[in-house]
Amino acid sequence: MIEARHLRVLRAVAATGSFSAAARELGCTQPAVSQQMKALEGSAGTPLLIRTGREMRLTQAGEALVRHASGILAGLTAAEEEIAAIAGLRAGRVRLVSFPSGSSVLVPTALAALRAAHPGTRVSLVEAEPPRSVEMLREGDCDVALAFRYGPNAAEWDDLVVRPLLTDRLVGLVPEAHRLAGAGSVAIGELAEESWIAGCPRCRRQLVEVCESAGFTPRIDFATDDYPAVVGLVGAGLGVAVLPELAIESVRPRGARTVAVEPAVEREIVALTLPDLAKVPAVAATLDELTRAATRDQNPSGPRPLTRPSGGDVG
């Protein structure tokens, strides 16, 4: 019989490439990892790992087992949590992963409400951007993923439960003394000659695509994924930027103003979980509170408008 604890060890060995690294990740000893892998191979009736130098390589059977392990472990977690709730333990555990601006704006409100309504529920939080956060969910490393995407993709999350939360617009951020600081809206092409502040190559992809569709490539002089740093650089007059409204909500910009950008670019903010986990009471309650937090963060026409001078998830 294959045991869940052995599957967790196999997945750790596959991810780290060695027994010693897997032991460090799991918080146990290298001999314990070796012993559990021998027991798993005995249960499977075939070798699962081959040692190549200092690393371990999966056999074909090992690859097949790792491929099925995430779904098996997620199903077991769902079963354990649901049984505990039915048994009246009034306890639950939710592992949440979120991108930075979601962590600072939506998550605190949602988790405070969840704790007030269900004090026995424990929630942990780590940060990751999609697609890594979605991978963590599919791999069984979290229960709920707060994620976003630009533009619809029907097949992207078709194996997941998708809870839509809000639509988040990208807005321009310029220094207070900038010639366009008082403009109601700005065509992105009007910023073609500016010095830009943006995130890492993956994070800035949407910005670059929007600019190229307007006929220019932005000159990015400052690169940072920390959106308070972006706001600070803009406020100091060192360039312009495009940020999601949700990111700007969590900071108090000084020396910078937001302007609407045309053409409008929006991203969809969602909460994701696996179908089995969606049936777990603690996970369902977390999804509900995230939905309520998003509702409080927007008015009937969309996200709450920014009326103050202002300015992660760097465009």
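Visitor: Which side chain is joined to that of serine 103 by a polar contact of 3.1 Å?
Guide: A polar contact is a pair of N or O atoms within 3.5 Å. Within protein, one atom must be able to donate a hydrogen and the other to accept it, and residues adjacent in sequence count only if both atoms are side-chain atoms. At 3.1 Å, the partner of serine 103 is glutamate 127.

Visitor: What pLDDT do local features need in this predicted model?
Guide: Residues are numbered from 1 along each chain as its sequence is written, and side-chain values use heavy atoms, leaving out hydrogens and water. The model is predicted: totals for chains, interfaces and linings use all residues, side-chain atom pairs count only at pLDDT 80 or more, and local features need pLDDT of at least 70.

Visitor: Is serine 103 buried or exposed?
Guide: Serine 103 sits in helix H5, residues 100-117. Helices (H or I, at least four residues) and strands (E, at least two) are DSSP runs, numbered from the N terminus. Relative accessible area under 20% is buried, over 50% exposed, and in between partly exposed (1.4 Å probe, protein chains only). At 11%, serine 103 is buried.

Visitor: Which residues is serine 103 in contact with, leaving aside neighbours within four places in sequence?
Guide: Contact means heavy atoms within 4.5 Å. With those neighbours set aside, the list for serine 103 is Ser98, Pro108, Leu125 and Glu127.

Visitor: How many salt bridges does the count come to?
Guide: Side chains of opposite charge can pair when their charged atoms come close. In a salt bridge, a side-chain nitrogen of Lys or Arg is within 4 Å of a carboxyl oxygen of Asp or Glu. By this rule, the count is 14.

Visitor: How many residues apart in sequence are the parts that arginine 11 and aspartate 141 tie together?
Guide: Arginine 11 and aspartate 141 form a salt bridge, with closest N and O atoms 3.2 Å apart. Arginine 11 is in helix H1 (residues 4-16), while aspartate 141 is in the loop between helix H6 (132-138) and strand S5 (144-149), so the tied parts are separated in sequence by 130 residues.

Visitor: What is the relative accessible area of arginine 179?
Guide: Arginine 179 forms a salt bridge with glutamate 194, closest N and O atoms 3.4 Å apart. Glutamate 194 is buried at 16%. Arginine 179 is exposed, at 56%.
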